[in-house]
Amino acid sequence: MQLSRKILLSKALALGALLALAAWAPAVAAGQDDFKGWFVALDLANTQPNSLDQNYAAVTDVATGFSERKVMENDADFTYRFGVGYSFGKSLGRLSVAYWSFDSEDMAGDTTYNYVYPTIFGYGYNQGGSYASYNYPVTYEATSKVKATTIDVNYVRPMAVGEKFAVRWLVGLRSATYEEDQTFAAVDYYAYTTSEAKHMKSDAFGVRVGAGARFGFNEHFSIEGSMVISVLQANTDAEANRTAWDFPINPPPLEDQHKTSDDNVRGEIRDIDVRAVWSYQMLDYYLGYSVSTWDGLVADPLNGGACCTVGTATGSSRDTIAFNSLHGGVVWRFGKGK
């Protein structure tokens with residue numbers, strides 16, 4: 001499955017057709033590839049994270065024994081991208097640097113008269129698998145924090161195909177960071193408390209290649225699209241902790257901890273973007289939709305949900321997430337038209 005997908009992506013890049021611009025080269029209308037001078041760009045977006053699959057608990061019905069897997073509802077959040085660069089004019093291309101950031105927090109909780117098995121931590125030395133809170137009612141709360149950033153250095157070179165159609169290719173470098181925190185806390189009728197927490201962080205660096213196209217309907221309006229692939233090497237660190245306190249019967253808390261570190265993690269990011277661009281004098285305005293798919297560096301190295309006590313719903317082994325964005329922005333150019 002993975003191999004077939006990579007082959008299709010490679011063919012798409014080789015053909016170059018219909019895909020355009022750098023994942024973050026500023027949008028330009030027909031004729032603006034000859035612009036020479038500096039430019040600054042700002043992009044604002046509503047970004048929805050997908051496939052985070054943050055399983056924080058399994059709730060088992062007391063009467064039937066059936067389990068429900070509880071997964072965090074990850075909401076869309078505001079993101080921004082800022083870029084600055086220089087265009088060399090005469091179709092010689094442009095060099096740019098861009099910064100993108102995503103930062104969100106989510107929360108879930110409930111009071112239930114069923115068994116609650118936390119699934120963030122998994123197996124431990126002191127408590128074995130996930131310990132159920134069974135003296136119902138049980139009140140629990142889970143939280144999630146996700147941060148992702150990229151810093152790109154891109155060189156984009158245009159190639160005119162016709163009066164209104166141009167193809168561009170891109171080479172560049174990318175630095176990417178992915179950081180995730182999860183917590184779970186529960187207390188039951190007899191004040192038995194349990195809490196679990198996990199933190200992971202991946203830092204990645206690698207090369208970017210891409211291709212794309214721009215079709216100008218007139219001097220003020222064009223449609224653009226792009227596909228760019230970043231091939232990265234990452235290092236991932238993760239730590240998970242669990243504390244249980246059976247107060248007042250057993251005051252000393254039971255604690256468990258897991259740690260892991262891997263300096264040779266495969267990372268890949270695929271960016272696809274389609275946008276409509278309006279150009280007036282030295283300003284471009286655009287509105288578009290983009291999908292950024294992250295592989296490898298976002299894998300959870302301490303997946304507790306797939307290894308817990310018999311009777312709970314199991315988790316999945318996550319390797320891929322995506323950020324889908326409805327975005328718009330503006331590009332300011334400072335220099336000569338030719």
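**Close-up views of a predicted chain**

Trp100, Phe102, Trp294 and Phe323 form one aromatic cluster. This is a predicted model, in which local features need pLDDT of at least 70 and side-chain atom pairs count only at pLDDT 80 or more, while totals for chains, interfaces and linings use all residues. Residues are numbered from 1 along each chain as its sequence is written, and side-chain values use heavy atoms, with hydrogens and water left out.

**View 1. Aromatic pairs, starting with Phe102 and Phe323.** The structure holds 13 aromatic pairs. To pair, rings of Phe, Tyr and Trp (its six-membered ring) need centres within 6.5 Å; planes under 30 degrees apart count as stacked, over 60 as edge-to-face and the rest as tilted. For phenylalanine 102 and phenylalanine 323, the ring centres are 5.0 Å apart and the planes meet at 50°, so this pair is tilted. Phenylalanine 102 lies in strand S5 and phenylalanine 323 in strand S13 (residues 320-336), so the pair ties together parts that are 221 residues apart in sequence. Strands here are DSSP runs of E with at least two residues, helices are runs of H or I with at least four, and both are numbered from the N terminus. Phenylalanine 102 and phenylalanine 323 are buried; buried means under 20% relative accessible area, exposed over 50%, and partly exposed in between (1.4 Å probe, protein chains only).

**View 2. Phe217 with Phe221.** With ring centres 5.4 Å apart and planes at 35°, phenylalanine 217 and phenylalanine 221 make a tilted pair.

**View 3. Arginines over rings.** Arginine 275 lies over the face of tyrosine 286, at 4.2 Å from the ring centre. In the other example, the charged end of arginine 333 sits over the ring of phenylalanine 35, 5.8 Å from its centre. The test behind both: NZ of Lys or CZ of Arg must be within 6 Å of the ring centre and within 35 degrees of the ring normal.

**View 4. Strand S7 and its partners.** Strand S5 (residues 94-112) pairs with strand S7 (residues 138-160) in the antiparallel sense, over 19 bridges; two strands pair if DSSP finds at least two bridges between them. Look for serine 101, whose bridge partner in S7 is threonine 149. S7 also runs antiparallel to strand S8 (residues 165-187), with 22 bridges joining them. In that pairing, alanine 142 stands opposite phenylalanine 184 of S8. A hairpin of four residues takes the chain from S7 to S8.

**View 5. Ser202 inside strand S9.** Serine 202 is found in strand S9 (residues 192-216), and it is buried because its relative accessible area is 0%. Its side chain makes a polar contact with the side chain of threonine 236 at 2.6 Å. Polar contact here means a pair of N or O atoms within 3.5 Å; within protein, one must be able to donate a hydrogen and the other to accept it, and residues adjacent in sequence count only if both atoms are side-chain atoms. Leaving aside neighbours within four places in sequence, the contacts of serine 202 include Ala176, Tyr178 and Leu297, where contact means heavy atoms within 4.5 Å.

**View 6. Thr112 in S5.** Threonine 112 lies in strand S5 and counts as buried because its relative accessibility is 9%. Its side chain reaches the backbone nitrogen of asparagine 114 at 3.2 Å. Beyond four places in sequence, threonine 112 is in contact with residues including Val59, Tyr136 and Tyr140.

**View 7. The loop between S1 and S2.** Serine 51 lies in the loop between strand S1 (36-50) and strand S2 (55-60); its phi is near 65°, positive in a residue other than glycine. Aspartate 53, in that loop as well, has a positive phi of about 50° although it is not a glycine.

**View 8. Confidence along the chain.** The chain averages a pLDDT of 84, and 81% of the residues score at least 70; pLDDT is the predictor's confidence in each residue, from 0 to 100. Over residues 1-31 pLDDT stays under 50, and the model has 92 contacts beyond four places in sequence for them.
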